[in-house]
Amino acid sequence: MGYLLEVRNIVKRFGGLTAVKDVSLGVNAGEVVGLLGDNGAGKSTLIKVISGVYPAEEGRILFQGREVQINSPLAALAMGIETIYQDLALAENLNTPANIFLGRERLKRWLGLLPVLDNEYMQSESRKVLAKLDIEIPSLRNRIRALSGGQRQAVAICRSIYWEARFIIMDEPTAALGVAEQRKVLDTVRLLKSHGIGIIVISHQMHDVFAVADRLVIMRRGEKVAERLTRETNPDEVVGLIVGAETVV
Amino acid sequence: MQHPLGRFLARRWALLFLALELAVFSIAGRGFLSLNGIQIVLFYGTSLLLLATAETFVIVTGGIDLSVGYLMGFATIVSAKLCAALFRAGLSPALSILLATVGTLGIGLVPGLLSGLLVGRLKVPAFLATFSTGGIVYGISALLIGGVAAKEVPLLANAIGNSYLLYWAPGRGLSLFSRPEVARGVHVLEFVPSMVVLTAVFVGIGAWLLRRTRFGRHAYAIGGNLDAATRAGINPGRHLAAVYMISALFASLSGVIYMLEYVTGKADAGVSFLLDAIVAVVIGGASLYGGIGTVGGTVLGALILAVLETGLRMAGVQTFDKFIAVGLILILAVLIDRFFPELIHKED
């Protein structure tokens, strides 16, 4: 079976610096791949290439078996590749439904004439997708600012799911969360996986990565230095690979 | 929040303040709490209301519009000159007033577009862009007027600007818009200045636009998180251009109304309203950091200031005391915003 998303021989340079050197990796549907590496290892650059933020100098991207050009974040979104950034890209002054539907608002006719926001519809749809992912938000009318870090993360995930993401990239999904919330987010990741969505998780939290990832890809100084099945490795080995204490390829 | 009433109660400190003001001035100022007193508040409040509504649109997107006062002055002159020119060219008074109004609103969009492009496309800070635009507009106003007030505006302008929605004369019953002919000394009751009605209609449209439409929702998103808005496919450059043009439209309208009321054009007609307009928006619960604020709140803020201004004047207090009061209110509002944001910012 082919990968849901595959990148081959990606190279990305910033001036004289090669941030990503000839990296290839693939993710199956319903699989979670943990992308690990120290600061500056090239993880973020690699995912920005996949999500359309940076064009790659060399290499190919295949999505659902076909070669694709991802020239902009919107092109990635249109394909169903969603990225949930650390800063979440939510409008904190708006409420949950407004964020889930941001840029794709549902409209109705006001007095049969003018198009206005259909807030009732957006609210009930939001409720449905939150229930589907088993997520509780105290009040949908609360601004995002009033929600906890985990709840914000959940809203960002719901937004992707509602718009039928097939592939989700999560950048540090559990950073800055409390213990209970970290667990909740990891549960959500497992639920997404069971829906057949392909997922890349970037995280510094070794424990979290081991808890959800099926496979680990380790990067160092822009290169992919190792790939391991999670069940066949252990945190000690992985830390060694990240810092370069062992030279195992 | 769905109930406008509920949202108002969330800002109840402002409502309470308004009630307190009304109570104080009713006792202190003779004739304040009367049909006339209230209508004077509304009449003087129209300029402020329109400029504050203009400002609300821009503040919601995280900017500020320092040109609204200059734009209002510009519009008083343009509309007066246009109206007089059309009238001289042989058009009927009504038609020349109508065309002058439409023309002024159209011309007023140009400086709005300039500010909007500077802020949206070229990423110039809003206060710089709008202050520059305001300066240019003020200069053009002075050139246009050339030291002489615009003359020969048809008398009908004055009649429209100072008309009322309803009149009641003893023995003649009610009449709409036109003052009944009565003998000298007979008192005619007047209800709701026409310009207040016109203002209310436009402010209502503004409130609807910001609250109910996709356009409004995107304005909030841009003010809340520009990155999020961009990633959601919103084009901030185009959107901001439209927002500054709407602001300019409201400012120009307030200029046209001023011209109809006073039958003259003055470059600095709106200058003294700028601070009040911004303060009204902030009192109304908007955040100067962007993303939060409603036209409903702004109306409340503008009423508080209009009552203060008129009330102090009717109580015989010097008007510079008003500036002290406005400053104190602004500090109070900002402190509440800063230390008790959940009071006003929890729900939208």
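# Notebook: a predicted two-chain model

I began with the domains of chain A, where the C-alpha centres of domain 1 and domain 2 lie 29 Å apart. The bounds come from an automatic or database domain assignment, which gives domain 1 as 1–80 + 166–173 + 192–249 and domain 2 as 90–165. I noted that this is a predicted model, in which local features need pLDDT of at least 70 and side-chain atom pairs count only at pLDDT 80 or more, while totals for chains, interfaces and linings use all residues. Residues are numbered from 1 along each chain as its sequence is written, and chains are lettered from A and ligands numbered from 1 in the order in which they are written.

**Entry: between the domains of chain A.** I looked up the contacts, counting two residues as in contact if their C-beta atoms, placed from the backbone, lie within 7 Å. On that basis 6 residues of domain 1 of chain A are in contact with 4 residues of domain 2 of chain A. The domain 1 side of this contact divides into 4 nonpolar, 1 polar and 1 charged residues, where Ala, Val, Leu, Ile, Met, Phe, Trp, Tyr, Cys and Pro count as nonpolar, Asp, Glu, Lys and Arg as charged, and the others, Gly among them, as polar.

**Entry: chain A as a whole.** I find 8 helices and 12 strands in chain A, these being DSSP runs numbered from the N terminus, with helices (H or I) of at least four residues and strands (E) of at least two. The radius of gyration of chain A is 19 Å, close to the 18 Å that the globule rule gives for 249 residues, so chain A is as compact as a globular protein of that length. That radius is taken over C-alpha atoms, and the rule is 2.2 Å times the number of residues to the power 0.38. Along the principal axes, the C-alpha atoms of chain A fill a box of roughly 70 × 40 × 35 Å. Of its 249 residues, 46% count as buried; a residue is buried if 20 or more other C-beta atoms lie within 10 Å of its own, exposed if 12 or fewer, and partly exposed in between, with C-beta atoms placed from the backbone.

**Entry: strand β3 of chain A.** I then followed strand β3 (residues 32–37) of chain A, of which 6 of the 6 residues are buried, so the strand is largely enclosed by the rest of the structure. In a regular strand the side chains alternate between the two faces of the sheet. Here Val32(A), Gly34(A) and Leu36(A) point one way, while Val33(A), Leu35(A) and Gly37(A) point the other way. Two strands pair if DSSP finds at least two bridges between them, and β3(A) pairs in the parallel sense with strand β10 (residues 198–202) of chain A over 4 bridges, Val32(A) having Ile199(A) as its bridge partner. With strand β11 (residues 215–220) of chain A, β3(A) also pairs in the parallel sense, over 5 bridges, and there Gly34(A) has Leu216(A) as its bridge partner.

**Entry: chain B as a whole.** The secondary structure of chain B comes to 15 helices and 3 strands. For 348 residues a compact globule would have a radius of gyration near 20 Å, and the 21 Å of chain B agrees with this. Buried residues make up 48% of chain B.

**Entry: Glu55 of chain B.** Glu55(B) sits in helix α3 (residues 35–60) of chain B and is buried, with 31 other C-beta atoms within 10 Å. Not counting residues up to four places away in sequence, Glu55(B) touches Asp65(B), Val68(B), Ser247(B), Ala277(B), Ile278(B) and Val281(B).

Entry: The contact between the chains takes 22 residues from chain A and 23 residues from chain B. The chain A side divides into 13 nonpolar, 4 polar and 5 charged residues.
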